[in-house]
Amino acid sequence: MDGQQLSQRGAWGSKVAFIFAATGSAIGLGNIWRFPTMVSQNGGAVFVLIYILAVALIGFTVMLAELTLGRHAQKNPVGAFEYIKPHTPWKLIGYLGILTGIFILSFYAVVAGWALGYFFKTASGIFKGKVTPEMSNQIFTEFSSDPIQVFLFFAIIMGLTIFIISKGVKKGIEKWTKILMPMLFILIVFLAVRALTLPGAGQGITFYLKPDFSKLNVAVVLFALGQAFFSLSLGMGTMITYGSYISKSDNLVSSAGWVSFSDTLIALLAGLIIFPTLAFSGQAGSVGGDALAFKVFPLIFSEMQGGQIFGTLFFALLCVAAITSTISLLEVPVAYLVDERNWSRNKAALLAGFITFLIGIPAALSTGGMEFFTKINFLGLFAIIFGNISLAVGALFICIFIAYIWGVKKAVKEIHSGNPRFNLRPLWAFSVKFLSPAAIIIILITLIKKIITG
Ligand code: TRP
């Protein structure tokens with residue numbers, strides 16, 4: 001690699017910088033918007049239980065696998081597979097990741113746009129005074145079916161993402177996360193405490209935390225696993241790419257552990273806000289809809305002293321959390337174009353971002369902006385195909401590649417740099433070789449069977 005290319009790639013300033021960036025990638029709308037929606041649509045506490053198991057047994061395994069591969073190859077996903085197994089179809093997994101990332105970003109940025117819209121709404125005082133569930137639902141419906149507003153905020157999010165990515169890894173990503181993510185965490189804890197002390201909160205907690213095993217089925221398991229990949233930013237090469245910027249002296253195991261832990265903590269806390277608030281407002285645990293969080297958060301702010309300020313701050317921080325995720329999604333195609341095609345970061349970010357914007361148009365119109373797209377529910381469809389199934393497929397092949405093509409021994413050698421002991425080695429090896437691939441295969445086959453037999 002020559003000097004100019006090296007400076008186009010960039011590297012993390014320190015271990016802490018990487019941790020913040022990876023945590024910033026993981027924590028986002030997946031935790032605060034998608035997780036509660038999934039819980040409410042998939043049987044409540046059973047889903048939560050399977051989700052935690054999926055993170056601990058499979059998500060952590062895949063995270064460590066991706067970081068290890070990335071740091072070893074020092075490359076984007078396509079380049080990483082090519083580096084270890086040149087001139088083989090394995091690099092297709094990298095391409096699948098790039099494609100998946102662009103499609104995820106296309107609907108993710110639409111929802112991030114909702115958060116931005118809600119920031120302005122809350123700041124303007126629209127949720128002041130007593131907000132009923134009906135009012136809150138109506139405000140969301142009006143907002144999300146107005147194509148001008150949805151497009152405006154979607155475009156702003158994409159523009160910001162392109163801007164940050166084109167400025168490069170160091171200056172772009174690190175700066176954002178250091179102060180604002182801890183602030184978001186504190187605010188969420190604070191909101192959870194308020195929600196738990198609302199009258200009637202208990203019913204919501206029961207739905208959220210007391211498993212009803214009669215609701216367990218293969219769809220619940222698939223969605224829990226897919227959500228684990230989505231929330232941890234796995235299965236499409238984000239963590240391979242971020243891993244490629246980590247220094248050889250860093251401990252990959254503790255990094256993967258920290259990112260998995262903090263991401264799960266935020267998701268669980270978001271549920272502790274949503275479900276008690278739902279119960280308090282007299283709505284049953286499992287109200288459907290892809291916009292659950294956007295309908296429920298205004299209700300809790302209206303129950304608080306200074307709710308307008310907390311609400312505004314919350315949506316501002318949610319936007320930041322979303323943007324640290326959107327940049328990690330766009331970084332993957334950009335790293336590919338910079339590494340493999342020798343493009344400048346500027347050109348790569350602009351082109352990949354613009355294509356993503358075009359692909360996002362149906363999702364942006366699917367919440368009421370245009371009847372055709374609303375009927376098909378493009379946003380929901382994209383979320384399942386790319387934000388779930390495609391990530392599971394990607395994660396499966398990443399495990400197989402590490403375990404059987406590259407080899408656990410060589411991976412462990414890479415992990416040993418920065419963590420010479422690696423006490424979890426037997427467990428990780430077992431999971432990456434057998435448990436994780438087997439679980440993903442069984443779930444996918446069961447799903448395919450179900451689809452075929454109706
Ligand atoms: N994990 C992020 C969230 O929960 C979204 C995200 C960022 C992502 N990068 C990703 C999802 C890569 C899947 C793959 O909001």
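Mentor: Start with N342, which sits in the loop between α15 (307–341) and α16 (345–365). Helices here are DSSP runs of H or I with at least four residues, strands are E runs of at least two, and numbering goes from the N terminus. This is a predicted model, so local features need pLDDT of at least 70 and side-chain atom pairs pLDDT 80 or more, while totals for chains, interfaces and linings use all residues. Residues are numbered from 1 along each chain as its sequence is written, and side-chain values use heavy atoms, with hydrogens and water left out.

Trainee: What is the phi of N342?

Mentor: First the general idea. Most residues other than glycine have a negative phi. N342 is not a glycine, yet its phi is positive, about 60 degrees.

Trainee: Is N342 buried or exposed?

Mentor: Exposed, because its relative accessibility is 58%. The cut-offs are under 20% relative accessible area for buried and over 50% for exposed, with partly exposed in between (1.4 Å probe, protein chains only).

Trainee: Where does N377 lie?

Mentor: N377 is in the loop between α17 (371–376) and α18 (378–416). Its phi is near 50 degrees, again positive in a residue other than glycine. N377 is partly exposed, because its relative accessible area is 29%.

Trainee: How many residues of helix α14 are buried?

Mentor: Helix α14 (residues 292–301) has 9 of its 10 residues buried, so read it as mostly covered. The buried residues include L292, F294, F297 and F301.

Trainee: Which residues does A270 contact, leaving aside neighbours within four places in sequence?

Mentor: N31, I32 and P36. Contact means heavy atoms within 4.5 Å. A270 belongs to helix α13 (residues 252–280). It counts as buried, because its relative accessibility is 1%. The C-alpha atoms of A270 and W33 are 8.4 Å apart, although 237 residues separate them along the chain.

Trainee: Where does S417 lie?

Mentor: In the loop between α18 and α19 (425–453). S417 contacts R71, K248 and D250, leaving aside neighbours within four places in sequence. Its C-alpha atom is 6.1 Å from that of S249, which is 168 residues away along the chain. S417 is partly exposed, because its relative accessible area is 25%.

Trainee: How many disulfides does the whole structure hold?

Mentor: A disulfide is a covalent bond between the sulfur atoms of two cysteines. The search takes cysteine sulfur atoms within 2.5 Å, and it finds 0. C319 is buried, because its relative accessible area is 8%. C399 is buried too, because its relative accessibility is 0%.

Trainee: Now zoom out. How many helices and strands are in the protein chain?

Mentor: 19 helices and 0 strands. Of the 454 residues, 59% count as buried. Contacts between residues 24 or more positions apart make up 84% of those with a separation of 6 or more.

Trainee: Why does the radius of gyration agree with a compact globule?

Mentor: A compact globule of 454 residues would have a value near 22 Å, and the chain has 21 Å, so the two agree. The value is taken over C-alpha atoms, and the globule rule is 2.2 Å times the number of residues to the power 0.38. Those C-alpha atoms fill a box of roughly 60 × 45 × 45 Å along the principal axes.
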